[in-house]
Amino acid sequence: MNKQVPVQRNDYIDVVFEDLTHEGHGVAKVEGYPLFVPKALPGEKAKIKVIKVNKGYGFGRLIELYEESPDRVVPDCPIYEACGGCQLQHLSYGGQMRAKLKQVQDVLARIGKIEDVLVHPVLGMENPWRYRNKAQVPVGELEGGLVAGFYKHRSHDIIDMETCLIQQEQNDTVIQAVKKICGNYGVRAYDETSHKGALRHIMARYGQRSGEIMVVLITRTPELPHQNEIIQEIIQQIPGVKSIVQNVNSKRTNVIFGDQTKVLWGEEVIYDSIGSIRFAISARSFYQVNPDQTKVLYDKALEYAGLTGNETVIDAYCGIGTISLFLAQKAKKVYGVEIVPEAIEDAKRNAALNGITNVEFEVGEAEQVIPKWYKSGVHADVLVVDPPRKGCDSSLLETILSMKPKKVVYVSCNPATLARDLRILEDGGYKTVEVQPVDMFPQTTHVECCSLLVREDN
Ligand code: SAH
């Protein structure tokens, strides 16, 4: 028999919050029934209104705070409530660090049944603002002028954004300038309903080390009205611009990029570096959005790999080869595999750019390519994985268990799938030695982890 739900929709009730979910919602329990409430913090007492009631859990809205958490702060961003891009600006940065640590510890115990592992305090940023090196914003029209910003919650109305506090200032400047310039030349914004208008999105990329800027205009139409004038104004108004690119997306879709990309002015790529490795970044390349913290994360991966110069390393899910190239500096040989062909092209180009010759990259599924390498005599001492949010493919985990590398370094952007995969590796003879969470995305609920596993029979 199902227990009866103790609250009803539209009830006003007083609650005490006990916890914070990985989505940043406060959790309060009424007779064991959990209610999730956005913007509420653990320890707070409040009156809430019950908004939605499901069988096992419900949602509420904060009505009145009786007692505030000592970690509550006033968000600096004027559009925090409307935007939704950040979820934790109302929590002090110290509070964010503690909440992320607890989240990692909790899922390791709950999902992975891993309780005796050392989880270090989160490595955060000294200044947890203005860290993103890439902005991509939709463009709309309001009273005849162009607006660029973000979609209003649960709608496709675009709200104008003058500044985004987690963006590098240069990206703010680019978005503002390009919006004005295009508006002045009468460029019409794309309209989803009528499928008319030209400009869909503006993207800005900034090389934090190099100071180089790329501007990408994503348009519905192959032609950009007043293209030459617009280019000239962009060059004049934005010092540091090295590349102006157009991408054409003529489809009715909410996917941002289309298939056709052309350089309108300047270079095809901008450059940036992480540590001593340089990267060429094109309009469509994947590149980590927080380079400072990427360095912190990859330094940890390098430390855990414990390389002496004699090791063979495999980087499964290698993307554009960021981790591979980082590790190649200390390894005998690194093999990287990745499913997206363009990413492997970038990886090879980046290896050449840095004069790194002890790496080999191959396109394919990690779970297919690694066993093939194994058969041809490639035996990894260290295997690094950095999978997407869904975690490692189960057949890759089986491959690891049969190949038995001495060490596995698991870089993860999702603690829940990390915990699931660590359990499988532990059951197959590995021991999780330590886990280091790194804050790559301050003010949001995301947390990255670098974990070290060693074989127990070592
Ligand atoms: N370490 C990389 C990024 C990893 S993101 C970097 O910093 O650049 C995860 C990557 O795994 C993505 O590039 C995705 O395309 C790739 N991927 C997803 N499934 C895969 C599979 N089955 N085999 C190999 N690569 C895969």
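A cavity, as I use the word today, is a set of grid points where a 1.4 Å probe fits but cannot get out. Please keep in mind that the model on the screen is predicted.

With that term in hand, how many cavities of 30 Å³ or more does a search of the whole structure find? There are two. The largest cavity holds about 70 Å³ of space.

The lining of the largest cavity is made by L20, T21, H22, G24, L88, A99, K100, Q103 and T445. Sorted by class, five of these residues are polar, three are nonpolar and one is charged. Helix α2 supplies the largest share of this lining, with three residues.

That brings me to α2, which spans residues 93–110. Its partner here is helix α10, residues 415–427. The two axes come within 8 Å and cross at roughly 35 degrees, and the crossing is right-handed. Which residues make the contact? On the α2 side they are Q103, V104, V107 and L108, and on the α10 side P415, A416, A419 and L422. Seven of the contact residues are nonpolar, one is polar and none is charged.

Last, the annotation. An unreviewed UniProt entry places a TRAM domain at residues 6–64. In the model, that stretch is 63% strand and 0% helix, and its end C-alpha atoms lie 21 Å apart.

That is what I have for today.

Technical notes:
Residues numbered from 1 in each chain as written. Predicted model: local features only at pLDDT ≥ 70, side-chain atom pairs only at ≥ 80, totals over all residues. Heavy atoms only, no water. Axes fitted to C-alpha atoms, helices over the stretch in contact; angles between N-to-C directions. Helix = DSSP H or I, 4+ residues; strand = E, 2+ residues; numbered from the N terminus. Left-handed = near helix turned anticlockwise from the far one by under 90°. Contact = heavy atoms within 4.5 Å. Nonpolar A, V, L, I, M, F, W, Y, C, P; charged D, E, K, R; others polar. UniProt positions renumbered as here; feature names shortened; annotations may be inferred. 1 Å grid on protein atoms, 1.4 Å probe; cavity = no way out; pocket = protein on both sides within 12 Å on 5 of 7 lines; lining within 4 Å. Points joined across faces, edges and corners; volume = space filled by probe spheres on them.
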